[in-house]
Protein chains: 2
Amino acid sequence: LRRLKVPDVSIGRLAVYLRALGELDLKDPGRRYISSSELGALAGVSPTQVRKDLALFGEFGKQGVGYDALNLHRELEQILGCDRRINVAVAGAGELGIALVRHNVARRHEGGRYPFVMAAAFDVDPEKIGTVIAGVTPVYHSSEIPRRVREAAVKMGIIAVPPSEAQGVAELMVQGGIMAILNFAPARLALEPRVQVVQADVSLELVRLAYYLKG
Amino acid sequence: LRRLKVPDVSIGRLAVYLRALGELDLKDPGRRYISSSELGALAGVSPTQVRKDLALFGEFGKQGVGYDALNLHRELEQILGCDRRINVAVAGAGELGIALVRHNVARRHEGGRYPFVMAAAFDVDPEKIGTVIAGVTPVYHSSEIPRRVREAAVKMGIIAVPPSEAQGVAELMVQGGIMAILNFAPARLALEPRVQVVQADVSLELVRLAYYLKG
């Protein structure tokens, strides 16, 4: 597998291709091959874009036949690092944090190969500490983040705390060894550059959409 | 105000600049001007990027002085269409939908100029219909989306229903006149191209982050 510096937007699209393939019945013998047009239609991008994105990682397709769907699915899982279990911790067991954990647990129950396991949640509210979300995810005090994260081999963090607390929990996560953070708090995190942060900011998305309403 | 075809990524960054400026004390006389370096540092982008993005819309800065912060804030609000109230409807009054409404109501209570008003929520659960979220947002049956959306002059929709129901509520929203949708359901929406859709998909973001964990 070649490792190149790949644009983040391509990685985002590979994630969409992986999901689109995952929704097909890959065991159906009539479904063995999928063309870049078909995959593009499922993912909402052009066939050319599909071919360009996949070409960044190797030669997966056959001229005139398309991609072997099952094989491509497996390759994309590997490329994206989703071919093994990834433990995730959620800071903030408020409504958003709980909704994220429950959603994830439901996704795993649906079957398929969903790699993310909500291993722990953290909060500072004494009423929440000691509870278990969705029957599987224990809630600990936020001060325990470094220790619990390390013990449970958590690699990814989700931040769902108020903006004023985001930087603090992010630093505790990094202390525990977390290197990738999805941040729902409307606050910019200042962390070492090797920590990958994705900002999931509802207010910003709404502002972005507002631009298109002006007509 | 010039209207050009502006890249979506620039619009996203303008939203970040607007928020960064909004967090400054714009009434502070010592804060009258802000340089592209300062604004870039607050937004996490380079000064060159700041200047390029703003240049798409006109000449806001003064050589060697920077941007008039209050004026730039006002201009960005106008450019992004956030200088007036925008009514938003949420389809799905489950945990995620409720969390989104409460978060938004809290943002408005914080003060500042936050344009989004959660005017209505929709669900199919009889126990939810007739309730009011956060003291302000009534929950109606989803079948009422077109009428309620039209009556309340709702321009923007948020989808927080299960994936199998996403397309249905999206179509009802468009029937009611909604032209911009933020979709939290992991389902691709097939709508008229003039409807702007932003996909806010937690699972996809996690997959994207997983790529960077491979190290």
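This is a predicted model: local features need pLDDT of at least 70, side-chain atom pairs count only at pLDDT 80 or more; totals for chains, interfaces and linings use all residues.
Residues are numbered from 1 along each chain as its sequence is written, chains are lettered from A and ligands numbered from 1 in the order in which they are written, and side-chain values use heavy atoms, with hydrogens and water left out.

**Exercise 1.** Work out how helix 2 and helix 3 of chain B are arranged.

*Solution.* 
- Find the helices (DSSP runs of H or I, at least four residues, numbered from the N terminus): helix 2 of chain B spans residues 36-43 and helix 3 of chain B spans residues 47-55.
- Their axes come within 8 Å and cross at roughly 100 degrees. Axes are lines fitted to C-alpha atoms over the stretch in contact, with angles from 0 to 180 degrees between N-to-C directions.
- That makes the two helices roughly perpendicular, a label for angles of 65 to 115 degrees.
- For contacts (heavy atoms within 4.5 Å), B:Ser36, B:Ser37, B:Leu39 and B:Gly40 meet B:Pro47, B:Val50, B:Arg51 and B:Leu54.

**Exercise 2.** Size up the contact between chain B and chain A.

*Solution.* 
- Start with residues: 59 come from chain B and 60 from chain A.
- Next, the area: about 5,500 Å² is buried, 66% of it on carbon and sulfur atoms. Buried area is the accessible area (1.4 Å probe) lost when two parts are put together, summed over both.

**Exercise 3.** Track down salt bridges across the interface of chain B and chain A.

*Solution.* 
- Apply the rule: a side-chain nitrogen of Lys or Arg within 4 Å of a carboxyl oxygen of Asp or Glu.
- The interface gives 4 salt bridges, while the count over all chains is 20.
- Take A:Arg102 with B:Glu95, whose closest N and O atoms are 2.2 Å apart.
- Then take B:Arg208 and A:Asp8, at 2.3 Å from N to O. This pair runs from helix 8 of chain B to helix 1 (residues 8-23) of chain A.

Note on methods:
Angles under 35 degrees count as roughly parallel, over 145 as roughly antiparallel, 65 to 115 as roughly perpendicular and the rest as oblique.
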